Amino acid sequence: MSEEALARIETVLTDIQERLRRLEESARPAERDPRKPAKGLLGFLDQFRAGEALGEASAGAWIEACRVDCLKDGLRTVQMREGMHAVLLEQRLKELGGSPRAEIPAADFERAMADAASREKSDAQKVKEFATRFRDPDEAIRPILEFADRLDEDPETQFLLRTIAQDERATVAFIQEANALLNPPS
Ligand SMILES: [Fe+2]
């Protein structure tokens, strides 16, 4: 058999092999690599983690400056929750192969910290500002729940986000309650 004929046979065989491979692939149900995180997930977790770390730090600064007893321990609960969320989010981020990189822009960070630590601004004013930014607990956690809803293939992260969202709802509810107490409608 000529070299040319052999080469032709080889091409045909390679072609058949390739078709078989494709056929096999299409017959197999799509398997998702469980270690491969959903699109945008690592960035979301990392950004969320950075926000929670700022939440912890700014709650701490507010507690230092706080002169209203009924607020202080509620803020301590908030501070612990935020710190715990930051730890849990970082842990999950690392499990999924990511690493904590996101940073809150320095200007935003400094503004949040200065606001929280301010002794010129009253606690009632701080509560009012917070309560105005987050009026409705359900609305406040909606973006977290919407993201979690997309993670059916990653129930571990999905339920981490859902349970964190419940904590955030509790924080917003506490702030609304404190606002009603410290800033009663006249
Ligand atoms: Fe938070």
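This is a predicted model: local features need pLDDT of at least 70, side-chain atom pairs count only at pLDDT 80 or more; totals for chains, interfaces and linings use all residues.
1. If you want to find the site quickly in the viewer, glutamate 52 is in helix H2 and glutamate 82 is in helix H3. Because they sit in those two helices, the pair ties together parts that are 30 residues apart in sequence. Glutamate 52 and glutamate 82 are both buried.

2. **The largest pocket.** The largest pocket holds about 1100 Å³ of space. Its lining is made up of 32 residues, and those nearest its centre are Gly55, Ser58, Phe130, Arg133 and Phe134. Helices H2 (41-65), H3 (69-95), H4 (106-117), H5 (123-133), H6 (137-149) and H7 (155-182) each give two or more residues to that lining. Which of them gives the largest share? H2 does, with 10 residues.

3. **What the lining is made of.** Sorted by class, the lining of the largest pocket has 17 nonpolar residues, 10 charged ones and five polar ones. If you plan to look at this region yourself, Phe130 and Phe134 are among the residues nearest the pocket centre, and so is Arg133.

4. **Salt bridges within a helix.** The count of salt bridges comes to 13. One of the pairs is arginine 76 with aspartate 73, whose side chains meet at 3.0 Å, N to O. Both residues lie in helix H3, three residues apart, about one turn of the helix. Arginine 76 is partly exposed, because its relative accessibility is 37%. Aspartate 73, with a relative accessible area of 47%, is partly exposed as well. Another pair is arginine 142 and glutamate 146, where the closest N and O atoms are 2.9 Å apart. These two lie in helix H6, four residues apart, again about one turn. Arginine 142 has a relative accessible area of 39% and is partly exposed. Glutamate 146, at 43% relative accessibility, also counts as partly exposed.

5. Aspartate 154 is in the loop between H6 and H7 while arginine 92 is in helix H3, so the pair ties together parts that are 62 residues apart in sequence. Are these two buried or exposed? Aspartate 154 is buried, since its relative accessible area is 11%, and arginine 92 is buried at 10%; the cut-off for buried is under 20%. Both also belong to a network of salt bridges that links Arg92, Glu95, Asp154 and Glu156.

6. **Glutamine 91 and arginine 169.** Glutamine 91 lies in helix H3, and at 44% relative accessibility it counts as partly exposed. Arginine 169 lies in helix H7 and is partly exposed too, with a relative accessible area of 27%. How far apart are glutamine 91 and arginine 169? They are 78 residues apart in sequence and 22 Å apart in space, C-alpha to C-alpha. Arginine 169 and isoleucine 141 are 28 residues apart in sequence, with their C-alpha atoms 6.4 Å apart.

7. **Alanine 180.** Helix H7 also holds alanine 180. At 48% relative accessibility, alanine 180 counts as partly exposed. From alanine 180 to proline 137 the separation is 43 residues in sequence and 15 Å in space, C-alpha to C-alpha.

Technical notes: Residues are numbered from 1 along each chain as its sequence is written. Side-chain values use heavy atoms; hydrogens and water are left out. On a 1 Å grid over the protein atoms alone, a cavity is a set of points where a 1.4 Å probe fits but cannot get out, and a pocket is an open set with protein on both sides within 12 Å along at least five of seven lines; lining residues have an atom within 4 Å of a point. Grid points are joined across faces, edges and corners, and a volume is the space filled by probe spheres set on the points. Ala, Val, Leu, Ile, Met, Phe, Trp, Tyr, Cys and Pro count as nonpolar, Asp, Glu, Lys and Arg as charged, and the others, Gly among them, as polar. Buried means under 20% relative accessible area, exposed over 50%, partly exposed in between (1.4 Å probe, protein chains only). A salt bridge is a side-chain nitrogen of Lys or Arg within 4 Å of a carboxyl oxygen of Asp or Glu.
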